Structure formats: structure tokens, C-alpha cells
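Subject: Structure handover

Hello,

Here is the structure I promised to pass on. Please open it first, then read the notes below it.

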Amino acid sequence: IALVGLTGAAMVAVLVAINTFVVPNSQRLGMPHTVPFDLSVRGSLADWTAAVVLLVASAICWIIFSIRQHRIDDIRGRYHVWFLASMVCLMMSANSVSSLHLVIASALSQMTGWQALRDGAVWWLAVAGLPIAWIATRAILDASESRLAGAMALFGAGCYAFAFASYLGWLPITDPRAESSITAGARLLGHWSLLVGVIAYARYVILDAQGLIPIRLRRSESRESSASERTEGSRQTMGVIGPGATSATQSTRKSSAPRAEWIDGSQPEEDENEDDDRGKGEKLHKTERKQLRRPKPQKRAA
């Protein structure tokens, strides 16, 4: 994950440096074939890099969706947001090299005779920007379980906001070359941050499905456990319970705590509930006995 992030940062730095220093000098020397490195021209190397990065991010979002749909505590079906995120990344990948948002903005501006912001950006913001922002917010909230994924997603959102502000001219930048470098560089850095974030959350989801993520206690449960520990510590200090009794109590609790273990049915298992019911003169049904024998599963999300 760190290697992907460093690769993206290095690529963005190289493209911005070429656009800032190499392209102007090449044009002065009479070398017109600098379109692949000119970030102000559509179809440049930065646009194709963004298309590939977003395509990979779309595939990883689909992997997250295919695993998250088997999570047993997601009653409200929040995993559906990753299917929408996959479609959004795919659409953004196609838009990186085709500039469909400019086509939509110009068409709606001609139809209505009204446009606002730069190149009629208000139209593609209303048509695609608001739904994408809603999907991104839900995805960030869902990915906040992984601190790395949540941090990279927020950083990518900040890069997109900075690039949008530079594109609309809200930043005090007068040089068009510097404006194109900042806008394209911040946008491409946001794409790489998005890729790192979805990779980090995909890793988290896979480890969670394998049961390798420790359970995080809720605030109420952690407060109750800390309060009980304080009570036992104060009693031990006051002499009500000695250290030997405290250790014995803890060992008794550990031994009495039920353990969730799998059984294959090859060996007979004693059922205490069945013996108690037989002593009372009541007989259990076969399905009820199976349910009583079935061990309680461990508390985890997937």
C-alpha cells in the first residue's frame, strides 16, 4: 500500500515538473510536439494515467462489494454503496479521456441559454457532482472502520476540492501554466489517494472476513469493564479481597466463560440441558437437542 502511494506521488511530481519547466522551454525552442506532457490539453499523459488508476479503483470497489455483502451485522445493507462507488469510478475513468462533463455542460447551456461558473460547470455539478458527492460521503463513512482508508479518502476529497477551487479561479494564481499544473496535479493526486484508500479498505475487509480483525468494544461495554476493574482494584487495596482471591476469581471467570468451538459429531457430546429436562420428566424434540448442542459463534462481523 505504501509503495502504491509513493508511486502515485512520484508520478504526479514528475508530470507537474515537466509541465512547469520542460514544456515552456520546448515550445520556445520550436518543438511543438509536447501535447502528451501538457496538462492543459485534454488527452495528455496525466488524463490516461487517471483513467487507468480509476479503472483499477473501480475493480477493487467491486471486490469490496462482493465480500461485504456476506457481512452478517449489516442489516441496513450499507454494502450497496460499494457497487455505486464502482460504477462512479468507472464513469470517472471514461470521463478522464473523453471529457463528457464538458459535453453535458455545453449542451445544457445551449438548451437553457444560461450558464454559470467556468465553462458552464454548474450543469455537470448539478447532474453528476451532487450524486457523486452523496455516494462518496457514504463510502467514506463506511470505510472509516479502517483508519488508513478513512484518512486517505478524506485526503483525496481535499485534493479534489483544491483542484476544483483552482479550476474555478478561486485561488490567487495569475499564471495559466501554474494554474493548469496545480489543477491537474491536485486532481491526479486525488485519484491516487482514492486508489490507496480502496486498497487499504479492501485489505481490511478481507482480514475481517477471515476473523483476523480484533473486536472493538462499544463505549458502554468499555466503560462497564473499566468500572468493574476499578471496583476490584479498590476492594483489593482496602483489603476486602486479597490478591490471592482476586487471581482465583479471575481464573474462575476465565474457566467459566463459554468457548465457541466447532464439533464434527464424531464423538458423543453430553448435554446438560437435556439431563436437566430428563430429570424433570420432559422430553425434547430432536431439532431442539441439536440447537442446544450447537456452539455459540464468536462475536465478529463476518
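S193 is buried, with a relative accessible area of 3%. Buried means under 20% relative accessible area, exposed means over 50%, and partly exposed is in between (1.4 Å probe, protein chains only). S193 sits in helix α7. Helices here are DSSP runs of H or I with at least four residues, strands are E runs of at least two, and both are numbered from the N terminus. Setting aside residues up to four places away in sequence, S193 touches M152, F155 and G156. Contact means heavy atoms within 4.5 Å.

A note on where this comes from. This is a predicted model, in which local features need pLDDT of at least 70 and side-chain atom pairs count only at pLDDT 80 or more, while totals for chains, interfaces and linings use all residues. Residues are numbered from 1 along each chain as its sequence is written, and side-chain values use heavy atoms, with hydrogens and water left out.

Now the overall picture. The chain has eleven helices and zero strands. It has 302 residues, and 30% of them count as buried. Take the contacts between residues at least 6 apart in sequence: 67% of them join residues at least 24 apart.

Two more residues deserve a look.

A200 is also placed in helix α7. A200 is buried, at a relative accessible area of 5%. Leaving aside neighbours within four places in sequence, A200 is in contact with I1, S146, L148 and A149. A200 and I1 are 199 residues apart in sequence, yet their C-alpha atoms are 6.9 Å apart in space.

T20 lies in helix α1. T20 counts as partly exposed, at 30% relative accessibility. Residues up to four places away are again not counted: T20 touches R177 and S181. T20 and S180 are 160 residues apart along the chain, and their C-alpha atoms are separated by 9.1 Å.

Next, the cores. A nonpolar core is a set of buried Ala, Val, Leu, Ile, Met, Phe, Trp, Tyr and Cys residues joined through side-chain atoms within 4.5 Å. The largest one has 31 residues. Those with the most contacts inside this core are I64, W82, L188, L195, V198 and Y201. Two or more residues each come from α1 (2-28), α2 (45-68), α3 (80-98), α5 (121-143) and α7 (176-209). Which helix gives the most to this core? That is α7, with ten residues.

W82 touches C61, I64, F65, R68, A139, D142, A143, V198 and Y201, not counting residues up to four places away in sequence. There is also a second, separate core of six residues, which includes A105, A121, W123 and L168.

Last, the helix packing. Two packed helices are described by the angle between their axes and the distance between the axes. Axes are lines fitted to C-alpha atoms, for helices over the stretch in contact, and angles run from 0 to 180 degrees between N-to-C directions. Angles under 35 degrees count as roughly parallel, over 145 as roughly antiparallel, 65 to 115 as roughly perpendicular and the rest as oblique. A crossing is left-handed if the near helix is turned anticlockwise from the far one by less than a right angle, and right-handed if clockwise. For residue classes, Ala, Val, Leu, Ile, Met, Phe, Trp, Tyr, Cys and Pro count as nonpolar, Asp, Glu, Lys and Arg as charged, and the others, Gly among them, as polar.

- α4 and α5: Helix α4 (residues 100-112) packs on α5 at about 115 degrees, with the axes 8 Å apart. The two are therefore roughly perpendicular. Their crossing is right-handed. H101, A105, L108, S109 and T112 of α4 make the contact with W123, W124 and V127 of α5. By class, these are five nonpolar, three polar and no charged residues.

- α5 and α6: The angle between α5 and helix α6 (residues 147-167) is about 160 degrees, and the axes are 9 Å apart. These helices are therefore roughly antiparallel. The crossing is left-handed. W124, L125, I140 and A143 in α5 meet A149, G150, A153, L154, F164 and Y167 in α6. That contact holds nine nonpolar, one polar and no charged residues.

- α6 and α7: This pair packs at about 160 degrees, with axes 8 Å apart. α6 and α7 are therefore roughly antiparallel. α6 passes α7 in a left-handed crossing. Their contact has 16 nonpolar, seven polar and two charged residues.

Best wishes
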